[in-house]
Structures are given as structure tokens and as C-alpha cells.
Amino acid sequence: MTNKSNELDVKLLDMVRRELQELNKYLLTDSPPSAKEGIGLYNGLSGLCLYLYQNYKISNDEEILVQLYSHLDRLLDNIDRREYINGSFSSGMAGCSWMMKFLSENDIIEELESDLIEEINLVLFNNMKQELLDGNIDQLNGAIGIARYFLKAEKYDFVEMTVLHLKSISITNDEETKWLSENWINKENYYNFSLAHGTTGIIQFLHQCYLQNILKDECENLIMGGVKFLLSNIQDYSKGDSFFPNSIKAIDYRKSQNAFQFSRMAWCYGDLGIFYTLFNLAPLISSIDLKKIAIEGFLKLSERIRPESTLLVDPGFCHGTAGVSYLFLKMWLATGEKKFKETAEFWLWKTLKYKKNNEYIFLTGNFENRAFKGSRAFLDGACGVAMIYLAFLDTSDTRWDECVLLN
């Protein structure tokens, strides 16, 4: 992919460069992350290391490289002490191992010693098996998240176990395929549509398996059924600015006949992640014009800018303006559609304007206990915002976004 940043608003990019310098001071100079922030890719040291790699790749600043190695040393110390470690992709060993594998693929670090890799893989494999037994297939915090690392590590026999499990628990009828999720509070079963935690993310994972020739027939059938599930639940957008619901209780589900449900504009939940996934599936599914459906959806969503329509209240990647701007940037790079470039720029300006009193404030925490506060995290903090700024300054390599289900 060639760098198309020179086609973006020059004034905007100048602002981004200046802001990135300030963010680097915040992320690296003033009170650097402590060991207690953990090893997480989405919320700890691994996410910062991924950002430092991308920053160094673009800037060739040797000081950034020194910082990267320093933080990698701190990360390895945490692993050696076995502190703050779990198996998840978001905050634990799976995401950390994915990041280190990514850096080794790009010749920044050498592979870990084989004995250590085998130990990590065994622990993660056992974690993955337990998550499958417990019914936790979540791609951020459950079995699929661990399988995503095994995809990167080319441990395909481990990945096959997850694919076959997804096949065994899938619900297929009327050509639709879907998977149940459980509400962790009231234990009710529901169908989740999201990229971060639901059917869309499962389809994206299966697509990656398909592309790496892992149980291709099984993956293709599950993907096709999942796509039909999504498409059969497209809503009348004129009723409330949302094409897809967030989730529907299993006992209430009626194909194409569910009550209208409003969803947010974000990476994690809502229309953007779903349409982007459908766009990427177009080469696999020739019987449906998914590219046309996705482009038309994004064009309509480019007009969705009112705060009460978007529910955007912070600059973060997960559910904030940085993630929205990046998804439109990706669609512009893929299609050349001018409207997508303009919308990406619009939301990036909004991201810059969120800074107040020399700080960004993010809405963090779960739905029951959320608060606005400063954060250095990748997924919903300053590290993720900085990563998106880098992406606009150099659009030529977005391979890192595999870790957020977009590559």
C-alpha cells in the first residue's frame, strides 16, 4: 500500500504532528507506566510497545527505539515474575505474545527462546481449552482471543480446536448461523452482533482461519451463515440512524421481525465494524454484493454526525472518535471514495479537540461502573489515540490493526 497521507488535509496533519509530540511526552517522559499496569495489549505495556514500534518505523528516531527496548525489558520482567498475568488477548499473555510475535516478524526483536515459547504455548492452550469448556468464546477475553495468538504463531492444530468448537455450538436455521452469548449479570442468552464481542468478530476470526487454509470448508459454511444472519437483520435506517442492533435476547429473536434497536457509532459495537467486516468478506462471497452493501452503508454513516446519533463522548479507539476516524480512513484507502476521506478528517479534528487542560479524558470501565478519567491504554486511552495519529501520518502500513480485528 502506498502512502496516501499527502492527499489529506495539510493543516490537519500539521496539528497531528504537534499533538503527537505532546502525547509522546505524556506516554514516555512523564511518569512512565509502572509494572502494576500489567502486560496487556489493550491496557498495558504490550500496547505501548506496539505503539513505540510503529512510531519508530515511521520516524526512524533512535530514541524511540531505545524506549521500546526499555519497555520490552520491563514487560519481560513482569512475565518472569508471573505478575498481573492471565491468558486473555486484551489484558494477558495471548495479546502480549501476539505483540512479541509481530515485532519478531518485523525484525525488531528475536524470537523468544524455544523453551519459553513452548511453556507459554502450553499454558495458553490449557487456558483456551478451559475457556471453551466454560463457554467463553469471547475474542477479547476468552477462547477466540487466545486462538488469535495461535494463528499468529502458526499453531494451526490449536486453532482447529476452536473452529470445530464454534461449529459444534453454532445455531443454524433458515440459512442463518449465529452464536449465543450469556449476559454475565442476569445469565440470559442473547445474540450479539458486535465486532468486539459478537457474531461479526467471530466471522472475522473464521475468515482469518480460512485465509490460512484452516478447515476451509467449515469456515466458509460458518461465515456464509453468519453473513446471512447479519443481513437478515438490517433495520430501517430512517427509524433511528442504525442499520444493525447491538444484541437481541435469544427468546425474543425473530428473523427480520425484531423491534428496532439503536446502536452507537464505534469500533466495538454498531454499524461501522459490521460493514467493514462485510466489505472484507466480498472476495469470498460472490453470491452477494457485499462490497456494494458495505460502501452504501458507510456513505450513509458518513452523514451521521449529531452527538445524540453517534453517542461519541470521548476520543478513544474503542468507542470514541479516534476509532471512527480510523475506520473511515481504512475505507478510503480501500476504495478511494472522497467522502470517506472527508469523514475520516472530520472525526480526527473532533479527536484533537477533545484535549482539555493538556489532557485527554476517556470513558473507561464496564457498563455498570463507568467514569471519565485519564488513561494511557491502547484500547480506550492515549496510546490508541497516538496510534491513530501515526496511521494518518503514514498510511502505507496498517498491518498492526490485525490486533483489533481490522486487517
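The model is predicted; local features need pLDDT of at least 70, side-chain atom pairs count only at pLDDT 80 or more, and totals for chains, interfaces and linings use all residues. Residues are numbered from 1 along each chain as its sequence is written, and side-chain values use heavy atoms, with hydrogens and water left out.

The protein contains 15 helices and seven strands. Helices (H or I, at least four residues) and strands (E, at least two) are DSSP runs, numbered from the N terminus. The C-alpha trace spans about 60 × 50 × 40 Å along its principal axes. For 407 residues, a compact globule would have a radius of gyration near 22 Å, and the value of 20 Å for the protein agrees with this. The radius is taken over C-alpha atoms, and the globule rule is 2.2 Å times the number of residues to the power 0.38.

Of the 407 residues, 56% count as buried. Buried means under 20% relative accessible area, exposed means over 50%, and partly exposed lies in between (1.4 Å probe, protein chains only). The protein exposes about 17,400 Å², of which carbon and sulfur atoms supply 48%. Accessible areas come from the Shrake-Rupley method with a 1.4 Å probe; for residues, only the protein chains shown count as cover. Among contacts (heavy atoms within 4.5 Å) with a separation of 6 or more, 67% are between residues 24 or more positions apart.

The buried residues include Phe275, Tyr276 and Phe279. The buried residues of helix 10 pack against helix 8 (199-211), helix 9 (216-231), helix 11 (290-301) and helix 13 (321-335).

Helix 13 is itself mostly covered, with 13 of its 15 residues buried. At 1.5 Å a residue, helix 13 should span 21 Å, and its end C-alpha atoms are 21 Å apart, which agrees. The expected span is 1.5 Å times one less than the number of residues. Gly336 follows helix 13 and has a positive phi, near 75°.

Ser97 lies in helix 4 (residues 93-105) and counts as buried because its relative accessibility is 7%. Leaving aside residues up to four places away in sequence, Ser97 touches Ile120, Leu124 and Tyr149. Leu48 belongs to helix 2 (residues 45-59) and is buried, with a relative accessible area of 4%. The C-alpha atoms of Leu48 and Phe340 are separated by 28 Å, and the two residues are 292 residues apart along the chain.

A nonpolar patch on the surface is formed by Phe260, Phe262 and Leu311, with about 220 Å² of accessible area together. Patches are made of residues with over 30% relative accessible area and no salt bridge; like charges are joined within 9 Å, and nonpolar side chains (Val, Leu, Ile, Met, Phe, Trp, Tyr) within 5 Å. Leu311 sits in the loop between helix 12 (307-310) and helix 13 and, at 37% relative accessibility, counts as partly exposed.

Side chains of opposite charge can pair when their charged atoms come close. A search of the whole structure finds 19 salt bridges, each defined as a side-chain nitrogen of Lys or Arg within 4 Å of a carboxyl oxygen of Asp or Glu. One of them joins Glu402 and Lys152, with the closest N and O atoms 3.2 Å apart. This pair links distant parts of the chain, 250 residues apart: Glu402 is in the segment after helix 15 (382-393), and Lys152 is in helix 6 (residues 143-152). Glu402 is partly exposed at 25% relative accessibility, whereas Lys152 is buried at 10%.

Asp241 pairs with Arg306, the closest N and O atoms being 2.8 Å apart. Here too distant parts of the chain are linked, 65 residues apart: Asp241 is in the loop between helix 9 and strand 5 (247-249), and Arg306 is in the loop between helix 11 and helix 12. Asp241 counts as buried at 18% relative accessibility, and Arg306 as partly exposed at 41%.

Lys178 forms a salt bridge with Glu176, with the closest N and O atoms 3.3 Å apart. Lys178 is buried at 2% relative accessibility, and Glu176 is buried at 1%. Lys57, Asp397 and Arg399 are linked in a network of salt bridges.
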